Amino acid sequence: MQAVIFCCNHVPLPDPLAGELPFCMLPLAGKPLVERALESAVKAGCTDVILFQVEHPEQVEARLGKGEKWGVDIRYAYLSEFTGLGYALQTLQSSLADEMLVFLRLAAGSIPLHELLGKSLFFTDKHRSSFEDVFILQKFQLDTPGLAGAETGGEAWECLRAHGRSCVTIEANTERLVTAYDLSSYAGAHKRALEPDGLRLPTPGLDRSPGIRIGHGCDAHSTVNYNAPVLLGQDCQIAHDAEIGPYAALGRACVVEKGTRIVGSVVMDNTYVGRRLTIENAIVRKGLLVKLDTGTVLSIADAFLLGDTELSDDGERLNWLLQRVIAGSVLLLCSPLLGWMYVRSRLAKGRPRFRMRQVAGQERDNDLRGGKELEILTIHQLDTDYPLLARLPALWDVARGAIRLVGVELLSPEEAERLTEPWQRLRFKAGPGLINPWHALDRQDWGADEKRVMEGYYTQSRSLRSDMRLLWDSLRRYFF
């Protein structure tokens, strides 16, 4: 059986969210809607899939590939705009099977295909479901007058009925299947997907209790209040006194701070949610909040309210490489001074001496034991009362990639282990560096908590440009 899935027949998402991802990539119980529709088609027995797309096709292709993961063959078709069922299918008529399972709108759940194959039903009103957006269509029916411009299953059904042709539809929005085509229907699908007796969609993680599923690598304080149903993606961090649920789904690597309440909402991957916020019936994507009931969009500029916990891979690699090049260049210029200091320290008593120092690095996944653990790094240091000279040998550690030129404070492993709150541990998503966020400021007598707050903000907002600006401002303060 061939499945034809339309990812383009829906009410557009509100700007600026529409500029960042397509509707079909909204998560449903931890996976994009289009992936849930594909899983439904595969479970029904489809081995050949055609996906029609309009917006951001690269995101869908990057997620699904060619279908090897599911043992199917996926072909992608692109439309400048969706103008109707028949018009779209006629563009690929030579590739269509004689019989197709059509997802005119995205659907997730169980499709009883084996019960429907071979049936030839001429529909009367009692056969009609609330949504006939998943149905079986014969190739010869494409020439039915009016079918070309049909945008819903109901319109397609009316065309076929008016010309005496049969159609088999699948009842949607039941205990087995839901459809989503706008924010309101998406909200309903989200709730059905999380209910313990709902769609029973496969999700990774472990059941903490009935209706509460926790992803691998999550770190939640013992005082967190869960109200089922709840789904937490992997590597989430939840601070004390937070309230999650009911009907709350958090994506991968989300951070929720102290006292925050999340109800009936979807928090997408790598999103930071600040302290003592209340989020109800919304989609949260980094600095954007979209109300599911009204479609209202709030863009939050304050990274301490809503923000991003991830730096793009390309920007991170370029930043890391540039810092190593700068450190290597400075090290080369200072090598005569370092050589002279090293010889003096070896020959004369009471002179500054070189030594090795252990510092805490980034937090990494422990594949053997599970959970997270801190890297322990060894760097070079000079025993002296002059901070600038003391850190000069560590330029070698920056050049070899062990630490960064610009980053969070160099803390000992013991000091790092005492940082237990999620807002404090945000710093471990960035690497330690010789130059820290406060070095560019005139005031230098910062307390430990003040430094951790600045590091948290730096971790969420850092970029190549901001790191280079911090480096320049720090050097200018020291030397000019």
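1. Rings of Phe, Tyr and Trp (its six-membered ring) pair if their centres lie within 6.5 Å; planes under 30 degrees apart count as stacked, over 60 as edge-to-face and the rest as tilted. With that rule, Phe6, Phe52 and Phe82 are linked by ring pairs into a cluster. The count comes to two aromatic pairs.

2. Basis of the values. This is a predicted model: local features need pLDDT of at least 70, side-chain atom pairs count only at pLDDT 80 or more, and totals for chains, interfaces and linings use all residues. Residues are numbered from 1 along each chain as its sequence is written, and side-chain values use heavy atoms, with hydrogens and water left out.

3. The stacked pair. Phe6 and Phe52 have ring centres 4.8 Å apart and planes at 5°, so they are stacked. Phe6 lies in strand β1 (residues 2–6) and Phe52 in strand β4 (residues 48–53), so the pair ties together parts 46 residues apart in sequence. Helices (H or I, at least four residues) and strands (E, at least two) are DSSP runs, numbered from the N terminus.

4. The edge-to-face pair. For Phe6 and Phe82 the centres are 5.6 Å apart and the planes at 70°, so this pair is edge-to-face. Phe82 lies in the loop between β5 (73–78) and α3 (85–90), so the pair joins β1 to a part 76 residues apart in sequence.

5. Burial. Buried means under 20% relative accessible area, exposed over 50%, partly exposed in between (1.4 Å probe, protein chains only). Phe6 has 1% and counts as buried. Phe52 is buried at 0%. Phe82 is buried too.

6. Two strands pair if DSSP finds at least two bridges between them. The open, mixed sheet runs β11-β12-β15-β18-β21-β24-β25-β26. Its edge strands are β11 (206–209) and β26 (297–299), each pairing on one side only. Helix α6 (residues 183–194) packs on this sheet, touching strands that include β15 and β18 (248–250). Contact means heavy atoms within 4.5 Å.

7. Inside that sheet, β12 (residues 212–214) and β15 (residues 230–232) are parallel over three bridges. Ile212 stands opposite Val230 in β15.

8. The four-stranded sheet. The order is β14-β17-β20-β23, open and with parallel pairing. β14 (225–226) and β23 (278–280) each have a single partner strand, so one side of each is left without a neighbour in the sheet. Three bridges join β20 (residues 261–263) to β23. Ile262 stands opposite Ile279 in β23.

9. Charges over rings (NZ of Lys or CZ of Arg within 6 Å of the ring centre and within 35 degrees of the ring normal). Arg105 lies over the face of Tyr181, 4.0 Å from the ring centre. Lys191 sits over Tyr247 at 5.6 Å.

How values were computed
Axes are lines fitted to C-alpha atoms, for helices over the stretch in contact, and angles run from 0 to 180 degrees between N-to-C directions.
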